[in-house]
Amino acid sequence: ADILSHASIQDGVQISKAVPKYFRHNSVSHMETILESNRDSVNGAFTIAEGVFSMDGDYCPLDEISRVSKKYGCRLMVDEAHSFGVIGPNGLGAWEKFPTSQCDLIMGTFSKIAGGIGGFVAGDKEVIDYLTSLSRSQLFSVSLPPCNVAAAMAAIKVFLSEPEHLQKLKRNIRLFLDGLSTLGFNIDPKHESSIIPVVIKDEKKLSTMCEVFNEEGVFVVPIVYPAVSKNNCRFRFTMMAGHDVADIDYTLAVLEKAMKRAGVVP
């Protein structure tokens, strides 16, 4: 798995009692080096990829990860928690963006585009039956309340039948990224996800900026140690289809004000 894999993935690895091996972030060559050195000594191997990473908002090269996984006889799971609803031509996730990828399991959550709780795992029937019967975190948890299931289903139906929401979201992402670039931030031109980090690198300045956001009524999540390293602290902005152009312009204006008060230069 990628070294920047979400905490829930790393917890799942520990629960599984598998032997973990982590490769450098999005480095398929390092991943292959690990497999080349270790694959022959184990019976089974399982690669875990993230469609979009939760802190940086970048996506994995799923097509290359899939190619190397299959080369070494590894099963592959992609976690679409932060990519389902955003990435891909129809917003169905990294597996749709990279159609040549061969994923054995696709998982995601209802806590993002569906605005609820719970999640899903999709795969071959035999594998899903196995998980339903033997996965401890599933087996010893209460079932999802029917109202939450109904809400998730309704949200997904809206998402599938009204693609204009996705198009508006993608427009909003681009507008905000363009605004950050104007303020002097170095923006990856390939960035597609709704998670947009603004790295400050100084927790005291981050705290000063938080005060400005609170005063001006902008809700943005500050990310500090141990979620990230201390010199990598940041704000994690999340674009929504419900934002309009005025919301984005106002947020950028408040961000600029906060930067000036804290003495932040991108």
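Let's start inside helix H3, where Leu 62, Ile 65, Ser 66, Val 68 and Ser 69 are buried. "Buried" here means under 20% relative accessible area, while exposed is over 50% and partly exposed is in between (1.4 Å probe, protein chains only). Helices (H or I, at least four residues) and strands (E, at least two) are DSSP runs, numbered from the N terminus. An α-helix has 3.6 residues a turn, so residues three or four places apart point the same way.

Before going further, a word on where this comes from: the model is predicted, local features need pLDDT of at least 70, side-chain atom pairs count only at pLDDT 80 or more, and totals for chains, interfaces and linings use all residues. Residues are numbered from 1 along each chain as its sequence is written, and side-chain values use heavy atoms, with hydrogens and water left out.

**Around H3**

What do the buried residues of H3 pack against? They sit against helix H2 (28–38), strands E1 and E2, and helix H4 (94–97). Contact means heavy atoms within 4.5 Å. Just after H3 comes Gly 73, which takes a positive phi of about 65°.

Ser 54 belongs to the loop between strand E1 (46–50) and helix H3 (62–71). Is Ser 54 buried or exposed? Ser 54 is buried, because its relative accessible area is 9%. If you leave out residues up to four places away in sequence, Ser 54 touches His 6, His 82, Ile 195 and Arg 236.

**The strands**

Now for the strands. Two of them pair if DSSP finds at least two bridges between them. Here are the pairings to look for in the structure:

| Strands | Sense | Bridges |
|---|---|---|
| E2 (residues 75–79) and E3 | parallel | three bridges |
| E3 and E4 (residues 119–123) | antiparallel | five bridges |
| E5 and E7 (residues 234–238) | antiparallel | five bridges |
| E6 (residues 221–223) and E7 | antiparallel | three bridges |

Take E3 (residues 105–109) to begin with: four of its five residues are buried, so the rest of the structure largely encloses it. E3 pairs with E2 in the parallel sense, and the bridge partner of Val 78 is Ile 106 in E3. E3 also pairs with E4, this time in the antiparallel sense. There, Gly 108 has Phe 120 of E4 as its bridge partner.

Strand E5 (residues 195–199) is mostly covered too, with four of its five residues buried. Which residue of E7 is the bridge partner of Val 198? That is Phe 235. E7 also pairs with E6, and Ile 223 stands opposite Arg 234 in E7.

The loop between E6 and E7 holds Pro 226. The peptide bond leading from Tyr 225 to Pro 226 is cis, with omega near 10°.

Two lysines are worth a look as well. Lys 17 lies in the loop between H1 and H2, and has a positive phi of about 65° although it is not a glycine. Lys 17 is exposed, because its relative accessible area is 75%. Lys 201 sits in the loop between E5 and helix H9 (203–216). Lys 201 isn't a glycine either, yet has a positive phi of about 75°. With a relative accessible area of 57%, Lys 201 counts as exposed.

Ser 8 is partly exposed, since its relative accessible area is 42%. Ser 8 and Val 28 are 20 residues apart along the chain, and their C-alpha atoms are separated by 22 Å.

**The whole chain**

Zoom out, and you'll find ten helices and seven strands in the chain. Of its 266 residues, 38% are buried. A compact globule with 266 residues would have a radius of gyration near 18 Å, and the chain agrees with that at 20 Å. This radius is taken over C-alpha atoms, and the globule rule is 2.2 Å times the number of residues to the power 0.38. Along the principal axes, the C-alpha atoms fill a box of roughly 55 × 45 × 35 Å.

Among contacts with a separation of 6 or more, 65% are between residues 24 or more positions apart.
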